[in-house]
Amino acid sequence: MDKIRNFCIIAHIDHGKSTIADRMMELTGTVSKREMKSQLLDSMELEQEKGITIKLAPVTMEWKGYTLNLIDTPGHVDFSYEVSRSLQAVETAVLVVGATQGIQAQTLANVYLALEQDLKIIPVINKIDLPAADVESVSAQIINLLGCKREDIIEVSGKTGQNVDKILDKIITTKPELKIGLGHGSLRPVVTGEAPSFSVVTSERSQTNFSFGPTRALIFDSYFDDYRGVVLYVRIFEGEISKNAEILMMAAEVKGLALEVGVLTPKMTPRESLKAGEIGYIVTNLKTTREAKVGDTVTLAKKPADKALPGYKNVLPFVYAGFFPVSNDQYKDLKEAIEKLSLSDSALRFEPENSPVLGFGLRIGFLGLLHMDIIRERLEREFGLDLIVTNPSTNYEVVMANGEVHEIKSAADLPDVSEINEIREPWVKGEIILPKEMIGNVLNLINEKRGHQTNLSYIENRAVIDFEAPMANLLTDFYDQLKSATSGYASFNYELDGYRTEDLVRVDFLVGGHKMDALSVMAHRSEAEGIGREVTKKLKEVIPRQNWEVALQAAIGARIIARETIGAYRKDVTVKIHTGDRDRKAKLLQKQKRGKARMKRFGKIDIPSEAFTVMLKRD
């Protein structure tokens, strides 16, 4: 037990987590030079292309007689629950901060998570070989944040491998108390003077015997393998799981078989059993990851544990969008593709949706906008689908007059207004880190989004703005506007903060007098008119002209709040008259007018797919 060290690497996006993990695997001889490639643990094509970690990856290494278990975690806010479960599986966190960018929003968020799990934090400054590296300034930020000493910070270059061995040595010499029975702490950020500090309150750890207690293991990730079924990544806290043992998922109440157990190096390396303190994989006979969700506790079916490990949470999506195939012939392919993706992504929720304009499609729930982008790209690339994606929306709680509470996922599902008592919308707590001189621009942006600042603190020459805002207003283009307002220097992190009752209305859009349910949006009454005007203007640019006049209208119930008109094509029917006879001209023009009126009644407007994503495009 003394020779095992479990650690993870946490950082903001693009600060070099995966590159440092590559150098560690090279140094420890886990992967040969011939097999080595850049970002080895980022196995998906999308991860390599975007330069981000989407799925976490564990790997077991040997260094100076010690077994080191590393978990490379995603850096994006959408996957923060996965990160928190990974942190619960380890005792040490290597905090990587880029020497050119300094502390960013996700760096802070991950520090909060690490302190909450009572981890030992090893601070590392990466990218010291770059000409723009400002090591002294970034060191001062880390000292302010963690209260550590200057000599505790390890300066490395993930690209060249400089000083990466010092991180491995530090992990070995840092001997944290191995987690047993898992006490989980609560974190209270405290602002004193210029820099935020933290007071951490942790519950006492239970001192159970490692090997002879009931078997308990934490699932910190799971995925579906086409040939082997569901594979679990687990950390064994107590007891032992052997090959062919019958296992039980405590929260899902599902039994399965451990067909194979072993460690990742990073290839699957089978073993006879996994013991307390170890991190490894279990190949099961389960058919979907919904039966083995992240955060669940695995125990033995014959001798189950009395109590599950703490911290399990059923993660629900809070961003929804309609996915429709361009051709209805592809609906079956879309459904099959989503079913395949949902086998390995338990956070994905979907249900059939029918639109009079777009035909049959699916309404899909996501953890956030990045999650949505990744799924859309995977559907288009891996399954060759041509998709129309409607404007993303969040879910709302509707309290009916009889006291019943309904959850709606799109504005089209809103019940009759006369039966509604109140509508609640989700709010988020956000955190933005930016240079001091840009505070004014960002505070204006937060106010525009119906949000309000709750706190302002400083880390060296950077400001940390804490704010609250409605989720719906941050969905489409808040991140783009934030980057524009701060010349790309700000970083942003958020978490859900419950539902609040607001004066919300449903804004419908009519094209040629026909209501388009797929375009309907929920909006605050004070913003409805502005949204109506903006969307009708964009629709006017996107929808092609017809042979008759087309009215584009925005409405709340029966009240029209905005209108634009697409002018008709005009054919000169008088061109064939060679005389200047006024009556003959008038007769032809009247005939044309009657024809246009008839067209207007029976004509079908062809609405292009871009019309359904106008809310996503700012210009």
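Of the 619 residues in the protein chain, 54% are buried (under 20% relative accessible area with a 1.4 Å probe, protein chains only). The model is predicted, with local features requiring pLDDT of at least 70 and side-chain atom pairs counted only at pLDDT 80 or more, while totals for chains, interfaces and linings use all residues. Residues are numbered from 1 along each chain as its sequence is written, and side-chain values use heavy atoms, with hydrogens and water left out.

The secondary structure of the chain comprises 13 helices and 32 strands, taken as DSSP runs numbered from the N terminus (H or I, at least four residues, for helices; E, at least two, for strands). Of the contacts (heavy atoms within 4.5 Å) between residues at least 6 apart in sequence, 68% join residues at least 24 apart.

In helix 4, eleven of the twelve residues are buried, among them Leu108, Val111, Tyr112 and Leu115. The helix spans 17 Å from its first C-alpha to its last, close to the 16 Å expected at 1.5 Å a residue (1.5 Å times one less than the number of residues). Just after helix 4, aspartate 118 has a positive phi of about 60°.

Helix 1 is largely enclosed by the rest of the structure, because nine of its eleven residues are buried. These buried residues pack against strand 1, strand 2 (57–63), strand 3 (66–72), strand 4, strand 5 (120–126) and helix 6. The axes of helix 1 (residues 17–27) and helix 6 (residues 164–173) come within 9 Å and cross at roughly 80°; axes are lines fitted to C-alpha atoms, for helices over the stretch in contact, and angles run from 0 to 180 degrees between N-to-C directions. The two helices are therefore roughly perpendicular (65 to 115 degrees). Ile20, Arg23, Met24 and Leu27 of helix 1 meet Val164, Asp165, Ile167 and Leu168 of helix 6. The residues of this contact divide into six nonpolar, no polar and two charged, where Ala, Val, Leu, Ile, Met, Phe, Trp, Tyr, Cys and Pro count as nonpolar, Asp, Glu, Lys and Arg as charged, and the others, Gly among them, as polar.

Conventions
Parallel < 35°, antiparallel > 145°, perpendicular 65-115°, else oblique. Buried < 20%, exposed > 50% of the residue type's maximum accessible area, 1.4 Å probe, protein only.
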